[in-house]
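Please walk me through this protein chain, one part after another.

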Amino acid sequence: MTRTFGIDTSHMSEEELLTALGELEQQRRALYARELAVLAELDGRGTASQKGYRDLPTLTREVLRVNPSDARQRVAHARAVVRRYGPGGIPLEPDLPEVGAAAAEGVIGPEHIETIRATVDRFPQPVSLPDREHAEALLTKAAREYEPHTITTLGREILARLDQDGTPPTEDELARPERSLDWRETRGGRLHGTFDLDAETAAVLTGLIEPRAKPSSTTDEPDRRSKFQRQGDAFADVLRVAAGCPEEGPTEAGEPFTVMVTVTLEDLKHGTGYGLLHGQESYSAAQIRRMACDSYLVPAVLGGKGEILDIGQRTRAVPLAIRRALILRDRGCTFPGCRRKPKQCQAHHVIPWALGGATALYNLTLLCWYHHNLIHHTDWQVRMRNGLPEFIPPAFLDPERRPRRNLLHRQGKEGV
């Protein structure tokens with residue numbers, strides 16, 4: 001019999017091991033929530049000063065034998081999510097009650113709590129209470145399903161919408177964006193250097209490089225180049241094109257390089273509000289107007305509720321017009337928690353084309369190569385509901401198999 005840390009795992013099936021792993025994590029998280037409740041009570045009683053310590057984090061460090069930063073974080077979590085009582089029994093309500101409720105259930109852990117707390121602390125001031133509560137609810141809902149890194153990305157999107165203008169650029173910055181390129185020649189005529197580009201120029205550069213840096217599929221041999229080698233080769237290719245034929249540029253899905261920007265017509269006209277570049281990065285409408293001066297603009301027909309109208313066709317290959325509509329609707333890989341951009345995605349037929357599924361917007365969704373393969377070879381399922389894709393996880397991940405959506409992309413349309 002094999003016993004590891006008091007647990008006999010030798011007789012357990014893989015499904016039982018996975019279930020045990022999830023249950024143990026939930027117990028760990030629930031115990032952490034109980035620890036926060038104890039810290040909140042000690043904080044309310046002023047125990048640290050009574051025992052001669054400078055503050056509660058210092059006392060916590062001594063009792064638990066943890067690093068100072070860990071002690072400070074635990075006390076900060078207790079103050080943020082647990083209801084406590086101050087001098088004279090005055091109740092002190094937590095700043096993040098929904099986060100505290102999820103922590104008590106054991107569905108989120110300290111990493112999720114820290115991510116949400118850090119995001120809320122960066123909110124611009126003043127921020128209305130309804131906006132703050134709605135943001136907390138959205139982040140907590142996402143934390144119940146996704147890893148902390150995904151919550152961090154979602155938090156950045158929320159911050160971008162609460163502080164749309166950001167730090168106003170100076171007149172000099174608007175007229176002459178700061179860019180730098182530094183290189184030195186090495187032996188054999190090679191160049192080595194660094195560069196720093198403004199956001200608009202960076203979008204142009206990545207748009208030129210990424211379509212050309214995909215692994216080659218022109219031969220039977222696999223592409224053994226590293227990601228950095230492929231990008232270097234793509235950069236050299238772009239330079240050759242620019243030097244030899246300025247009017248010719250790389251193509252993606254059969255058309256010249258296009259920067260896809262989503263912005264309302266009124267905001268674009270007046271230079272107010274914000275828009276999304278490639279469905280992800282937020283830009284002010286003033287920046288988008290500058291980009292539109294010499295860009296190829298792609299119109300999209302929207303319905304009364306902002307939905308993209310169906311432009312489906314009866315072919316297996318996805319036409320350019322439908323791919324454009326997919327980019328505007330999905331904004332990237334639609335698998336829950338994935339952050340890959342549209343240019344890194346393929347169009348997936350929800351109902352397979354071979355089984356009669358149409359090559360139409362209502363039957364397509366964007367998936368990156370990894371999640372495209374996952375859908376085809378695992379128990380994950382995808383379906384369309386109300387014109388949007390949603391994903392059904394395997395039973396071992398969620399016995400109830402509750403549908404999930406990618407909040408990172410959809411959040412931009414739902415607002416804060």
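Buried means under 20% relative accessible area, exposed means over 50%, and partly exposed is in between, as found with a 1.4 Å probe on protein chains only. Strands (E, at least two residues) and helices (H or I, at least four) are DSSP runs, and they are numbered from the N terminus. This is a predicted model, in which local features need pLDDT of at least 70 and side-chain atom pairs count only at pLDDT 80 or more, while totals for chains, interfaces and linings use all residues. Residues are numbered from 1 along each chain as its sequence is written, and side-chain values use heavy atoms, with hydrogens and water left out.

In a regular strand the side chains alternate between the two faces of the sheet. In β15, L388, E390 and I392 point one way, P389 and F391 point the other way, and all are buried. The partner of β15 is strand β14 (residues 381-385), and the two pair in the antiparallel sense over 5 bridges. Two strands count as paired if DSSP finds at least two bridges between them. Within this pair, R383 stands opposite E390 of β15.

What does the turn of this hairpin look like? The hairpin of β14 and β15 has 2 residues between the strands. N386 is found in the loop between β14 and β15, and N386 has a positive phi of about 55° although it is not a glycine. Most residues other than glycine have a negative phi, and most peptide bonds are trans. N386 counts as exposed, because its relative accessibility is 74%.

R401 also has a positive phi, of about 50°, and is not a glycine. R401 sits in the loop between β15 and α16 (407-414). With a relative accessible area of 26%, R401 is partly exposed. A peptide bond to look up is the one that joins Q125 and P126, which is cis, with omega about -5°. P126 belongs to the loop between α6 and α7.

Next, consider another strand. Is strand β6 (residues 191-196) enclosed or in the open? Of its 6 residues, the number buried is 0, so β6 lies largely in the open. Strand β5 (residues 180-185) pairs with β6 in the antiparallel sense over 6 bridges. In that pair, R184 stands opposite H192 of β6.

Now to the helices. Helix α6 (residues 110-121) packs with helix α8 (residues 148-162) at an angle of about 10°, their axes being 9 Å apart. α6 is therefore roughly parallel to α8. Angles under 35 degrees count as roughly parallel, over 145 as roughly antiparallel, 65 to 115 as roughly perpendicular, and the rest as oblique. The axes are lines fitted to C-alpha atoms, for helices over the stretch in contact, and the angles run from 0 to 180 degrees between N-to-C directions. The crossing of α6 past α8 is right-handed. A crossing is right-handed if the near helix is turned clockwise from the far one by less than a right angle, and left-handed if anticlockwise.

Which residues of the two helices meet? On the α6 side they are E111, H112, T115, I116 and T119, and on the α8 side P148, I151, T152, G155 and L159. Contact means heavy atoms within 4.5 Å. By class, the contact of α6 with α8 has 4 nonpolar, 5 polar and 1 charged residues. Here Ala, Val, Leu, Ile, Met, Phe, Trp, Tyr, Cys and Pro count as nonpolar, Asp, Glu, Lys and Arg as charged, and the others, Gly among them, as polar.

Helix α5 (residues 97-105) packs with helix α7 (residues 129-143) at an angle of about 20°, with axes 8 Å apart. α5 and α7 are therefore roughly parallel to each other. P97, E98, V99 and A102 of α5 meet E136, A137 and T140 of α7. The residues of this contact of α5 with α7 divide into 4 nonpolar, 1 polar and 2 charged.

Finally, the chain as a whole. Its secondary structure comes to 16 helices and 15 strands. Of its 416 residues, 35% count as buried.
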